[in-house]
Amino acid sequence: MLRLQYAAISDVGRVRKDNQDSGYAGPWLLTVCDGVGGAARGDIASGTAVQQLRRLDERPEVATPDDLLGLVSGALHRAHDRIGELVDEDPSLNGTSTTATVALFDGDRIAIGHVGDSRAYLLRHGELSQLTRDHTFVQSLIDEGRITEDDARVHPHRNLILKALDGMHETEPDLFVLDLLAGDRLLLCSDGASGVLDDTRLATILSEGTPDYAAVELVRASLDAGSSDNVTCVVAEVVSDDTPVLDADGEELAPQLVGAAAELRRRPGRALGAGLFRGHRSGDTGELEAVPADLPADVPFAIPADPIDPEAARYAPRPPARFAWLRRVLALAVLVGLVWISTAAAWSWSQRQYYVGEQDGVVVIFRGISADLPGVSLSEPYETTNVVVERLPTVQQRRLEDGMGGGTLDSARDTVRNLAGKMAPTETTVSTQTSSSSAGTAASAGRAG
């Protein structure tokens, strides 16, 4: 049986005004969430997600790794659903989302769930391994071999993420299980740290001192390296069961909630960890005061004083759309309307068409087209003629079976007249002519005698 000695810290950094990161560390659960959305309040998304995930912080009563992964997956989906409920209640939050990296501990192993670009690392025997894979645009370029890890750190689209918990678009998290050893150290952090510190620097700091010391130094080093984002680090060391897990005061270590999640209950006010290191480097905060200047009168356009926050455009796939069911209903109604209009137009056109066919042994002019759909007739008799089909040549009879002379009513009537001219005489007429001929022959013979 193993235990976790843990520490969590979150800082707003030297540039941003609000902390949109949230973190939690407890005896059974570690998690970091990085809110996305800028004006759409990413702090609410990350804080809501952590508040949902922290409910896992109890010893899992499960038997298999799959059961452990099921707990993590279920918690992530509940966090996703809760964010969606908040957006439904407050449309101004439309567009908010959060990354999530969570590790659930059962005494021997951890189950990790991951969405977005927050990261989980393992330090074992002095070697650092990145456990999670970023769901980002630049990571896809790395996977394709188009850029390197170093290129990704300075790529103009390095902050563009492809997956997040947003309450709208279902996102399947990456899930896996890892066995732990006494002496292992775990790091979960937002991209405010991993984006500016390379693996060598991370490993060096992570291996030093207590988890609390390592967490503080990781945040300080990230800010010194020029991070312009919020920075959140959760560090845990795996210790044996007989090792006491105590805080700095010698008390039993309590769970730690940091960042926006800790601030949700206390708004309005500054986020927890806001400016822990703002006094560093002689008070340099990284923020510049506005410089007054008079623009010439002939400047053709105004220069925006507050450009778009990259955080507001960080989530790549598409803006979340509320009332998706209504959109689907409207789309279906439009589709049905188009089908109905097309069908009506086709039917109207067909009723202006005429062709010549056969019915009950006589030639008939039909209105419509010479075709049928299952259960639907596309034509009907319009005029019946006295042209007998049996008296027509065989070729014409066969053509009548498929319909002749499709087009206008006048062209159909012309076809009937042509057929009437080809109609053979009846047998009665032929007999009469033959009898008359015989009588004439007999009369001639009499006169000759």
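The largest nonpolar core of this structure holds 26 residues, and Leu30, Ile110, Leu180 and Leu186 have the most contacts inside it. The model is a predicted one.
- Beyond its neighbours within four places in sequence, Leu30 is in contact with residues including Leu4, Tyr6, Thr101, Val102, Leu186, Leu188 and Val234.
- Another core, of 24 residues, lies apart from the largest one, and Val72, Leu76, Ala79 and Val102 are among its residues.
- In soluble globular proteins, nonpolar side chains tend to be buried together.

**Ser222**
- Ser222 belongs to helix 7 (residues 211-224).
- With a relative accessible area of 0%, Ser222 is buried.
- Leaving aside neighbours within four places in sequence, Ser222 is in contact with Gly192, Ala193, Val196, Leu197, Ser227 and Val231.

**Aromatic pairs**
- The whole structure contains 3 aromatic pairs.
- One of them joins Tyr354 and Tyr382 edge-to-face, at 5.2 Å centre to centre and 65 degrees between the planes.
- This pair links distant parts of the chain, with Tyr354 in strand 13 (residues 354-359) and Tyr382 in strand 15 (residues 376-388), 28 residues apart.
- Tyr354 is buried, at a relative accessible area of 12%, whereas Tyr382 is partly exposed, at 38%.
- Tyr355 and Phe366 form a stacked pair, with 5.2 Å centre to centre and 10 degrees between the planes.
- Tyr355 lies in strand 13 and Phe366 in strand 14 (residues 362-373), 11 residues apart.
- Tyr355 and Phe366 are both buried.

Definitions and conventions:
Residues numbered from 1 in each chain as written. Predicted model: local features only at pLDDT ≥ 70, side-chain atom pairs only at ≥ 80, totals over all residues. Heavy atoms only, no water. Core = buried A, V, L, I, M, F, W, Y, C linked by side-chain atoms within 4.5 Å. Buried < 20%, exposed > 50% of the residue type's maximum accessible area, 1.4 Å probe, protein only. Contact = heavy atoms within 4.5 Å. Helix = DSSP H or I, 4+ residues; strand = E, 2+ residues; numbered from the N terminus. Phe/Tyr/Trp six-rings, centres within 6.5 Å; stacked < 30°, edge-to-face > 60°.
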